[in-house]
Amino acid sequence: MGILDTIRSLLGTSAEYDATRDADPEDLFGMSTAYMTMEADLGFENGDAAALCFSNVDSRSFEETVTEVEAILEAGEVETGTSARFTTDSQGYRWVVLEDSHPEDLVTSIHFAADTFIEEGFGSRLLAAVFAFRKDGQRAYWIYSFRRGSYYPFAPQSGRERNSQVEFKLQSVLDGELDVESDTEYWYPLWPDRGKTHPWD
């Protein structure tokens, strides 16, 4: 098992056993004000993208739920301009990838998708919601772990290194506005495939 398999296995499995509380999709709305704080206090702009990561289920009802989410997001694009696509990464995890220059539309669409999975009985398949930011060539993400019911920062650098200084700065500024994971052992990096940009690539 490679390092990416291990990390995502932990995000989906170990965190389930060690969950501090049940995930609440309403937590995602906290990101609406966090976008403003990220820009005003830290200079990080909206990365124009967000994504929902979930594990697959080999069942007809699950695929019907995925189709339902896809259809409604596609219909909503006319009103909000938020484009949505579904993709599967090299490890077999599935993603709803959303692109929009308006942060509130990204948050609303991520919440809708997550809430639909939960209402249809597939909340346990949700792994993470990922919100992208950028500043002077530095990418950063806020990741919401559904298994921990909390957020944590992820600031990747080239060579699969993490910018810990940026991550702890994000934690210090946003803790309280977001429910930030206090145990840094659960700040799992979500690396993209080699040569790719985002965790969902």
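Accessible areas here come from the Shrake-Rupley method with a 1.4 Å probe, and for residues, only the protein chains shown count as cover. We're working with a predicted model, where local features need pLDDT of at least 70, side-chain atom pairs count only at pLDDT 80 or more, and totals for chains, interfaces and linings use all residues. Numbering starts from 1 along each chain as its sequence is written, and side-chain values use heavy atoms, with hydrogens and water left out.

**Exercise 1.** Work out how much surface the chain has and what share of its residues is buried.

*Solution.* Start with the surface: the chain's accessible area is about 9400 Å², and carbon and sulfur atoms hold 45% of that. Next, burial (under 20% relative accessible area, 1.4 Å probe, protein chains only): of the 201 residues in the chain, 47% are buried.

**Exercise 2.** Find how helices α3 and α4 are arranged, and which residues touch.

*Solution.* First, get the geometry from axes, which are lines fitted to C-alpha atoms over the stretch in contact, with angles from 0 to 180 degrees between N-to-C directions. Helices are DSSP runs of H or I, at least four residues, numbered from the N terminus. The axes of α3 (residues 60–80) and α4 (residues 103–119) come within 10 Å and cross at roughly 160°. That makes the pair roughly antiparallel (over 145 degrees).

Then list the contact (heavy atoms within 4.5 Å): α3 brings residues including Phe62, Val69 and Ile72, while those from α4 include Phe112, Ala113 and Phe117. Finally, sort the contact residues by type: 8 are nonpolar (Ala, Val, Leu, Ile, Met, Phe, Trp, Tyr, Cys and Pro), 4 polar (the others, Gly among them) and 2 charged (Asp, Glu, Lys and Arg).

**Exercise 3.** Count the helices and strands of the chain.

*Solution.* Strands are DSSP runs of E, at least two residues. The tally is 5 helices and 8 strands.

Terms used:
Parallel < 35°, antiparallel > 145°, perpendicular 65-115°, else oblique. Buried < 20%, exposed > 50% of the residue type's maximum accessible area, 1.4 Å probe, protein only.
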